[in-house]
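Biologist: I'd like to go through a few labels with you and hear what stands behind each one. Shall we look at it together?

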Amino acid sequence: MEKKVTCVFGNFPLYDTKKHYSSPFKLAGCNWCLVAVSNGYTKDSYLSVYLELAPGPLPPRWRRNVKFSLTLERNPGFGLCVSNKTLGREGCFDAENDSWGFEEFLPLSELWGYVVNFELSFIVELDVFPEEPVKIIEPLSCRERNQDDDDASVTRSQGTDTSCQVAQNTENPSNKILDETCGTGFNTVASVTQTGNDVLKEEIQRLKETMNVNGFEVSSSQVESVRRIFERHPDIAVEFHAKNQQLRNTCMNFLLSLIQTLCQSLEELSNEDLVEADIALTYLKEAGFKVDWLEKKLDQMKDKKENEQSVLARLQEIEENLKELKQKCSDLDALAGEGKAELSATRTALSFDDLV
């Protein structure tokens, strides 16, 4: 049983080391999903990607051998400099082994060539084999489209999408999902069409809200910031020759995000933030931006962060010593109080009754 789906991760954070799940898709009686996660904060970190069974109960004794490939689509703005990244393997999925994939799918330092509008898009191709031969009983709606066993066999061998779209359109007007042998049906087509319309509307709205500043399409909220950058550094994009507007916008957004990151206080900035900023700066330099001035600022921030940590360590030590001194003072004050009480009792004059 073969299937080909596209999984998109929107606004994928590159360095938070948390698992991020794609929308689930159905195959072989179960829900599946793609999982992506970065494995660290250094320049040597990798993007890890896995095919997983979505959480939920499995049929008794369920087990499937799966041959699959994952293709990370490149950003077309990079031209021939970047090509799609594809890795494949086989795995046996069951209740105990629900995840197979690649721990080192792609170095994070190369991921910029695959980011499109802050999204990562994977094409997942699966070929699922049952553990033992299973006789597939075709639904009534599909049998009505195939008059004999030979035609039905040919239809199944060509895949499920086409036959199921017809069956969905003629036999299931309520738009409910057919059995998995009939694929995703007309619902998928309608969903894709609606998604395309939504994307078109969003693009039209985006164009209305953007302005061109020195060849870069930026949102109205970013216009003033981009103008100030070019006023102070007019040669910043002299060696940046990308023609694709999407790529140009992505690079400018990286630059603005990097500046915004460095505008934070040292208390808000973590070491991971500075590592991420360093990687982003390297990407901008390789793309052709002249950002020596920003590199100096980043180096200064690194030095300040290191000094901050040193001062914090000394301050912590001082506070611990002060705490000990305060405790000693408290103990001495208590002893002094006891001594004063004893002295007062000693100095008390005797009364007439005490003497007589």
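Biologist: What makes E308 and K305 separated by about one helical turn?

Modeller: E308 and K305 are 3 residues apart in helix α8 (residues 292-347), so about one helical turn separates them. Helices (H or I, at least four residues) and strands (E, at least two) are DSSP runs, numbered from the N terminus. This is a predicted model, where local features need pLDDT of at least 70, side-chain atom pairs count only at pLDDT 80 or more, and totals for chains, interfaces and linings use all residues. Residues are numbered from 1 along each chain as its sequence is written, and side-chain values use heavy atoms, with hydrogens and water left out.

Biologist: Why is the pair E308 and K305 called a salt bridge?

Modeller: A salt bridge needs a side-chain nitrogen of Lys or Arg within 4 Å of a carboxyl oxygen of Asp or Glu. For E308 and K305 the N to O value is 3.0 Å, so the pair meets that rule. The count by this rule comes to 7 salt bridges.

Biologist: How do you know whether K19 and E52 are buried or partly exposed?

Modeller: Buried means under 20% relative accessible area, exposed over 50%, and partly exposed in between (1.4 Å probe, protein chains only). K19 has 47%, so K19 is partly exposed, while E52 has 9% and therefore counts as buried.

Biologist: What makes S121 buried?

Modeller: Its relative accessible area is 17%, so S121 counts as buried. S121 sits in strand β9 (residues 119-130).
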